[in-house]
Amino acid sequence: MNRRGFLLATPVLATGTLALSSTGQTAPLAIHGKTQLLPRRGKGPRIVVCGGGWGGMTAARYLRELIPQADVVLLERNPTFWSGPMSNKWLIDIVNTDFLNHDMLAPALKYGYTLVNTEVIGIERDTKTVRTSHGSIDYDYLILSGGIRNAYDAWFGNDVATAEYTRQHFPNAYVPNAEMLSLKHKVKAFKGGTIVMTLPPPPHRCPPSPYERACLIAWHIKTNKIPGKILILDPKPKIAPIGEGYRAAFEELYPDIIAHVPNAAIKEVDPYNKRIKTVAGDFDFDDAILMPPHQAADMVWYADLIGKTPDGKPTGWADMHPRLFTANSDENVYIVGDSMGFISDQFGHYPKSAHVANAIGQIVARNIAERVADKEVVPVLPDNLCYMMVNGDPQEEISVKFEYNLDATGKVLQTQIDMDVRTHDLVAEDFAWIKNRFNDFL
Ligand SMILES: Cc1cc2nc3c(=O)[nH]c(=O)nc-3n(C[C@H](O)[C@H](O)[C@H](O)COP(=O)(O)OP(=O)(O)OC[C@H]3O[C@@H](n4cnc5c(N)ncnc54)[C@H](O)[C@@H]3O)c2cc1C
């Protein structure tokens, strides 16, 4: 990044508009006219990346490396990077805040892209323009890597006051925002009673991680002799993935603390009276981590790129090519990370994981580089790997690996390998994994 880019990023930060967003999902803010956010740099293509998380930061780094003449601009609402992976361990102090929370300007300078801390508030594909809370920016190629949003409307319809009450009183900390610290403080302050955790229906962000969170909070409860219980309300018929490993951990390590309720699809949530009605029965709680269904980030909705079911309802996820990652209705827009939509009728979506977001960020950068160089685009498949801690002392983890291949018709096929036996070796692998991944884009 040149000196001008650095100076541009600094005053935006200084406005303080984008301290950790407290909402994580909102309707578009008031439109800030047509102020130009940044002049173009050089004669190469301009590639705007919306969302500086796992997928977006990876894409920005590789774009600059593979297309040195490109003007790469990363738009991110948060002033710093917060990692989802390891955040369950952070809740109970197995890793500290510096482990999760990272400077974003240093990678922008190191790799030579421009970081602007701003909120994406609209996308006009006909004029190839992104609107932000600080002005508008045009693009040749656009990457959307905004992660997920919490679809509270599935529970509360248009009752935004109840959605907001729920988010504030029972934060789930699945989006990098103010909920992270809020949940940590809640866990630390917990004195006893029943904590209910609702799991979203699939597909959702990092499928094994809510069970990891239950295990680690249970470990905290057990170690500190707190008279508490955790009730997991799971819409699925059984624990998945790594179901055997989690079942063994629940029964062997936390028999009096964790109870898993399968087939517990939510019928009604009453946050004021702390009561939930599910298909499997009704439950009262003292405290809760309430996860509504997940959907693609708002920016995919602004771009009007959400898929439709056969009866015309929104799928909630991007409508995109399963191997090229371009939007089906716009080949200049790419979707990266958790917002991605349907991939294959064998398994549905790629796991919504940091590992996949990082892999697709690289693949999409390569695909754009091939197009810019007028070369044939060679589709590449990702892989996936997730490590989950189930015991705090001794530290033990289980894991799941996914491999992808193509069948003769070009359909993507998935093979899932669960490592159900908890071991300390997997903890070492996990820490080596995240160190490697962070080194890739931070
Ligand atoms: C508790 C937990 C544990 C997890 N454990 C693992 C694990 O062990 N392994 C693993 O692989 N994955 C794990 N994950 C999943 C992982 O965090 C996500 O899959 C990954 O972050 C997806 O990357 P992304 O780029 O799609 O989204 P994110 O990393 O969330 O990045 C999206 C970015 O876009 C920004 N953004 C969104 N909207 C706007 C807007 N309108 N304007 C400006 N900026 C915007 C957000 O602030 C955010 O920084 C875990 C997640 C959680 C919550």
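Which lysine lies over the face of Trp317? That would be Lys352, sitting 4.1 Å from the ring centre. Keep in mind that what we have here is a predicted model. There's another charge over a ring, too: Arg149 lies over the face of Trp301, at 4.1 Å from that ring's centre.

Okay, on to the rings themselves. The count for this model comes to 20 aromatic pairs. Let me walk you through a couple of them.

Take Phe81 and Phe441. Their centres are 5.6 Å apart with 70° between the planes, and since the cut-off for edge-to-face is over 60 degrees, that's the label this pair gets. Now, where do they sit? Phe81 is in strand E3, residues 80-82, and Phe441 is in helix H13, residues 425-441, so this pair ties together parts that are 360 residues apart in sequence.

Next up, Phe99 and Phe438. Here the centres are 6.4 Å apart and the planes meet at 55°, so we call it tilted. This one also links distant parts of the chain, with Phe99 in helix H4, residues 97-100, and Phe438 in helix H13, 339 residues away. How exposed is Phe99? Partly, with a relative accessible area of 24%. Phe438, on the other hand, counts as buried at 9%.

And those two pairs belong to one bigger picture. Phe81, Phe441, Phe99 and Phe438 are among the members of one aromatic cluster, which also takes in Trp54, Phe431 and Trp433.

Terms used
Residues are numbered from 1 along each chain as its sequence is written. This is a predicted model: local features need pLDDT of at least 70, side-chain atom pairs count only at pLDDT 80 or more; totals for chains, interfaces and linings use all residues. Side-chain values use heavy atoms; hydrogens and water are left out. Rings of Phe, Tyr and Trp (its six-membered ring) pair if their centres lie within 6.5 Å; planes under 30 degrees apart count as stacked, over 60 as edge-to-face and the rest as tilted. Helices (H or I, at least four residues) and strands (E, at least two) are DSSP runs, numbered from the N terminus. Buried means under 20% relative accessible area, exposed over 50%, partly exposed in between (1.4 Å probe, protein chains only). A charge sits over a ring if NZ of Lys or CZ of Arg is within 6 Å of the ring centre and within 35 degrees of the ring normal.
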